[in-house]
Amino acid sequence: MTAPKSVAIIGGKTGIFGLSLAIALRDKNYEVTVFDRSQYDANGYDPASDDVQAASADHNKIFRASYGKEIHYQRLAFESRKAWVAEDEKRGFSEHGNGSDDRIFIDSGMLRIQPSDHLATLEKETLANMERDGLRNTQFVKSDPADSQRAEKLGWKEKILDFQIPGSPGRSYETVLDSTAGFIRCSHACAHYQKVAADKGVKFYLGPEGAIDSLVKLKSSLSPGQEKVTGLKTKSGIIHDADVVVVAAGSFSTQILPELSYHLESSAGSLATFKIDRSNTALWEKYSPERFPVMTWKSVPRDNSGKDTGSIYVLPRTPEGLVKIGYRGIKWTNFQPAPENTPFTQNGKWSVPLPVEECSVIPEAAIYSIKQFVSIFLPEFDGTPFFSTKLCWYTDSLDNSFVIDNVPTFSENSVFVCTGGSGHGAKFLPVLGQHAADILEKGDQSSSFMREFWRWRPDAPRRNGLEEGPDGPRNISHI
Ligand SMILES: Cc1cc2nc3c(=O)[nH]c(=O)nc-3n(C[C@H](O)[C@H](O)[C@H](O)COP(=O)(O)OP(=O)(O)OC[C@H]3O[C@@H](n4cnc5c(N)ncnc54)[C@H](O)[C@@H]3O)c2cc1C
């Protein structure tokens, strides 16, 4: 019998991509070790903890299966939804039951607020694909009388909220309630799945002993001219051997593996919270997940180049009373000089996360947009100071799809990447790893329907804003 292959994953104590893959590989009997420089077990996965720089460490992230024309992500999301519900059931919570404080997936529904009083193009595409998969009856368009009646019957009517369009008397925004959507209690979910991983035998090196400095490379004896990675070196200089090294370090991945520099860009989303005191029972109830849906608003219609922008969202209050608003209309870049020999740069620069101590202030433009959103959709908080603000770092890929594949520039499939969440990866935690593990094992023979979309794709054009570079309008150092 041959010994199981050993896999070392960089990022994955909280990082959803590494954690999900670690569990799936362990299920296939790989020997799996996760290295993560953060020590989330020590801070209780607290998203407010100062040293947390992981997109996955957060109170909540939206779960949605509405993906416009991208039916493959719609299908992956429904696969994942089933798995979230099953995991909660294993923990003793039913999907529609009480206990939203303890469940990891909350089916609060999500209201997609349109830019105007009629359906936008993206919305029509989403509804068409829901129809195509037999799911149109889970969607409720406010102005559609049949949808309205069905919502009433199924108990969703109260969440189809009505908001007047400022400056347009008598006109209100069109809205669509998606009853399959909701949110993930993200840090809570990571803590749970980390325990699942440890119970299955995944080994963890955390904190200083899990902080990775570099990959250990040798000249390949099988592929002349290429290098093979044989393990990794921690910041304290300890070397760990592995048959395969996986880079799953979120927005820090390019700094560990500069070969990713063409594929990815780190950019920041702007988050702000209000805090409701439990003694304010009217607000506490109104913004609870039982009464209030996730709400997203595209403040402007699709632009002439086909890009959907101007997005802003709010989630129901957390058990601690936090109401979180996210602004992703502009994802801020932070261009810095790239190290020498970085394979791809723009004017010698690349965008990387700001140091954590500079991430608690959000730019004026984000504050302005959030305040505008609050004044229209969350009137009780109009004029209330934020409880907290934070920049949270995305790992954007050139086309918004993940990057999950062997890195062809290293021989013998010794380096695998699992990253590029592009602002929508958290919802896939329970299933992403299974698809990724199949790709790691079988490459082009993988049966995952996501294989084509997640490939290493050096020939794909750099879009999704990644074409802008340091002189683009999003560079935070110019603001
Ligand atoms: C503002 C914002 C809003 C989002 N909203 C949603 C949403 O509503 N719904 C949704 O589904 N998704 C959402 N996402 C996307 C989702 O959060 C990400 O796709 C996902 O969390 C990324 O996980 P990850 O494992 O790739 O990275 P991360 O969560 O960033 O984890 C990377 C890990 O790598 C570790 N690491 C980094 N460098 C090193 C090193 N040198 N050595 C050791 N360890 C290292 C870090 O400590 C961390 O634990 C959002 C993202 C952002 C930024």
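Modeller: A residue is called buried here if 20 or more other C-beta atoms lie within 10 Å of its own, and exposed if 12 or fewer do. Please keep in mind that this is a predicted model.

Colleague: With that cut-off in hand, which residues of helix H8 are exposed?

Modeller: Glu364 and Tyr368 are exposed, and they lie on the other side of H8 from its buried residues, which are Ala366, Ser369, Ile370, Phe373 and Val374.

Colleague: How many residues does H8 have, and what distance does it reach from its first C-alpha to its last?

Modeller: Helix H8 runs over residues 364-377, has 14 residues and reaches 20 Å, which is close to the 20 Å expected at 1.5 Å a residue.

Colleague: What span should H5 have at 1.5 Å a residue, and how far apart are its end C-alpha atoms?

Modeller: The 15 residues of H5 should span 21 Å, and the end C-alpha atoms are 21 Å apart, which agrees. The buried residues of H5 are Cys186, Ser187, Ala189, Cys190, Tyr193, Gln194 and Ala197; seen down the axis they fall within an arc of 150°, so they line one face of the helix. These buried residues pack against helix H1 (16-27), strand S3 (61-63), strand S8 (182-184) and helix H9 (429-442), whereas the face turned away from the buried side carries the exposed residues Lys195 and Asp199.

Colleague: Which residue follows H5, and what is its phi?

Modeller: H5 is followed by Gly201, whose phi is positive, near 105°.

Colleague: How is the chain divided into domains?

Modeller: Domain 1 comprises 6-59 + 186-263 + 398-478, and domain 2 comprises 107-184 + 265-396. Taken over C-alpha atoms, the centres of domain 1 and domain 2 are separated by 27 Å, and the contact takes 36 residues from domain 1 and 34 residues from domain 2. On the side of domain 1 that touches domain 2, the elements giving two or more residues are helix H5 (186-200) and helix H6 (253-256), and H6 gives the most, with three residues. By class, that side of domain 1 has 11 nonpolar, 19 polar and six charged residues.

Colleague: How many residues surround the ligand, and which are the closest?

Modeller: There are 40 residues around the ligand, and the closest are Gly11, Gly15, Gly250, Gly421 and Gly425. By class, this shell has 18 nonpolar, 17 polar and five charged residues, and it draws at least three residues from each of domain 1 and domain 2. Strand S20 (388-397) is one of the elements that supply at least two residues of the shell, and the largest share, four residues, comes from S20.

Colleague: Why does Glu468 count as partly exposed?

Modeller: The class follows from a count of neighbours: Glu468 has 17 C-beta neighbours inside 10 Å, so it counts as partly exposed. Glu468 is found in the segment after helix H10 (451-454); Glu468 and Gln346 are 122 residues apart in sequence and 8.9 Å apart in space, C-alpha to C-alpha.

How values were computed: Residues are numbered from 1 along each chain as its sequence is written. This is a predicted model: local features need pLDDT of at least 70, side-chain atom pairs count only at pLDDT 80 or more; totals for chains, interfaces and linings use all residues. The expected span of a helix is 1.5 Å times one less than its number of residues. Domain bounds come from an automatic or database domain assignment. Two residues are in contact if their C-beta atoms, placed from the backbone, lie within 7 Å. Ala, Val, Leu, Ile, Met, Phe, Trp, Tyr, Cys and Pro count as nonpolar, Asp, Glu, Lys and Arg as charged, and the others, Gly among them, as polar. A residue is near a molecule or strand if its C-beta atom, placed from the backbone, lies within 6 Å of it. The arc is that of the directions from the helix axis to the C-beta atoms.
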